[in-house]
Amino acid sequence: MKIDTGTTAWMITATALVLLMTPGLAFFYGGMTRAKSVLNMMMMSFVSIITVTMAWVLYGHSLAFDAFGDGDNFINKFIGGGDALGLQSLIDTTTKDDGTGMPSLVFSAFQLTFAIITVALISGAIADRAKFGAWVVFGLAWATLVYFPVAHWVWGGGWLANLGIEDFAGGTVVHVNAGAAGLALAFVLGKRTGWRKDPMRPHNLTLVLLGVGLLWFGWFGFNAGSELAVDGTAGLAFMNTQVATAAAAGAWILVEKLRDGHSTTLGVASGAVAGLVAITPACGFVDPWAALVLGVVAGAVCAYAVGLKYRLGFDDSLDVVGVHLVGGAIGAVSLGIIARYPFADGQNEGLIYGGPISQLGVQALGPVAVGLYSFIMAYVIGKIIDKTMGFRIDQEDEVTGIDITTHAETGYDLGTVHSSGVASVNGPVPASAKKVDA
């Protein structure tokens, strides 16, 4: 087996970067919750790594990227085949039929990290109130019934791919998909106790900024790695990721300044994520100037979109809908207007470059179809879980704090802090520790 060592080395690196995004998301979401829920929020991300990995190895890759028979049949428009169950058939094979490219297992591992973070993203919509076991069951069921088929629709040769949809790194597959599911679960679980009455402010904005820093760092692998090669398009995707993210973060805090009189750290973090989300489907297809414009639009629109939950009365705890559903849709639809690279035939270019309006229609159809499918399926799965094992924790446990009632732990156990600055947990402070040097 002859492999492209440069591509393989880059893709292994990109895979590690994308996997790091899920712990980054755990910090981001964890800091945004109240102190009594931080561990549970982070656990919901980490357990997604466990469940989705197992499902991916057993059947996920096969359902997303395999094909029935020769692949040219009705079933293959909606779901993959079974030749890669257990990943056994991928061993000692490459991504190209002539024996070049990267090892197939590297490609599979890269795509696995996308599936993991998509499931983890949903958890932000139901912070503080979901049973941990119910979340584990939901994540496994949703990945099986929604993520794997949708990945096949867009990236595995399914019906949306056949229509010509473009989604470079997952605006539709990841963000619209997760955002719609988060909206559905917000309806299934209902509002948090005290919502709109109690202040439910983020308890640790330093964790939020740490999390968004890790997300921003990992997203370069997410976007540039999606080219699956080391070439000019990967470089374009890399640059556009930086440009759009910075522009969106700036636009968000500008909106805050004009609207509220001050710019916030939560705003700059949320704006950066909005830019990352919006550029994801477009990063390898647009000019840098267009990435800047897209970032500004996404940052400003999402800054207002996060307020929809108050107007429409649903408790999307950590703004999954306002950032991921709205931002992902903006990025996906924008390709029908500003797409340019790497197309040379004019068939998939945006309207401003003379492309057909039909491409804009396809780019709009994708988020609508995926969003509706994900919402309906997530709602049905969530309702079944709620009626059988129960999805929401008891009100008393919610008020007490889900960390201590579910995990028997607390995120912050500082003990007793004395005037010396030494914390004592298990007994009095030794005399030697009380001495202060002159």
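Biologist: How far apart are the end C-alpha atoms of helix 13, and what should its residues span?

Modeller: Helix 13 covers residues 357-388, and its end C-alpha atoms are 47 Å apart. At 1.5 Å a residue its 32 residues should span 46 Å, so the two values agree; the expected span is 1.5 Å times one less than the number of residues. Helices here are DSSP runs of H or I with at least four residues, numbered from the N terminus.

Biologist: Before we go on, what sort of model is this, and how are residues numbered?

Modeller: This is a predicted model, in which local features need pLDDT of at least 70 and side-chain atom pairs count only at pLDDT 80 or more, while totals for chains, interfaces and linings use all residues. Residues are numbered from 1 along each chain as its sequence is written, and side-chain values use heavy atoms, with hydrogens and water left out.

Biologist: OK, and which residue just after helix 13 takes a positive phi?

Modeller: That is Gly390, with a phi of about 85 degrees.

Biologist: Changing topic, how do helix 1 and helix 7 cross?

Modeller: The axes of helix 1 (residues 5-32) and helix 7 (residues 205-224) come within 7 Å and cross at roughly 155 degrees, where axes are lines fitted to C-alpha atoms over the stretch in contact and angles run from 0 to 180 degrees between N-to-C directions. The two helices are therefore roughly antiparallel to each other, a term for angles over 145 degrees.

Biologist: Which residue classes make up that contact?

Modeller: The contact of helix 1 with helix 7 has 21 nonpolar, five polar and no charged residues, with Asp, Glu, Lys and Arg counting as charged, Ala, Val, Leu, Ile, Met, Phe, Trp, Tyr, Cys and Pro as nonpolar, and the others, Gly among them, as polar.

Biologist: How many salt bridges are there in the whole structure?

Modeller: A search finds eight, each being a side-chain nitrogen of Lys or Arg within 4 Å of a carboxyl oxygen of Asp or Glu. One of them joins Arg34 and Asp128 at 3.1 Å, N to O. Arg34 is in the loop between helix 1 and helix 2, and Asp128, 94 residues apart from it, is in the loop between helix 3 and helix 4.

Biologist: Is Asp128 buried or exposed?

Modeller: Asp128 is buried, with a relative accessible area of 3%; buried means under 20%, exposed over 50% and partly exposed in between, using a 1.4 Å probe and protein chains only. Asp128 also meets Arg192 in a salt bridge of 3.3 Å, N to O.

Methods
Parallel < 35°, antiparallel > 145°, perpendicular 65-115°, else oblique.
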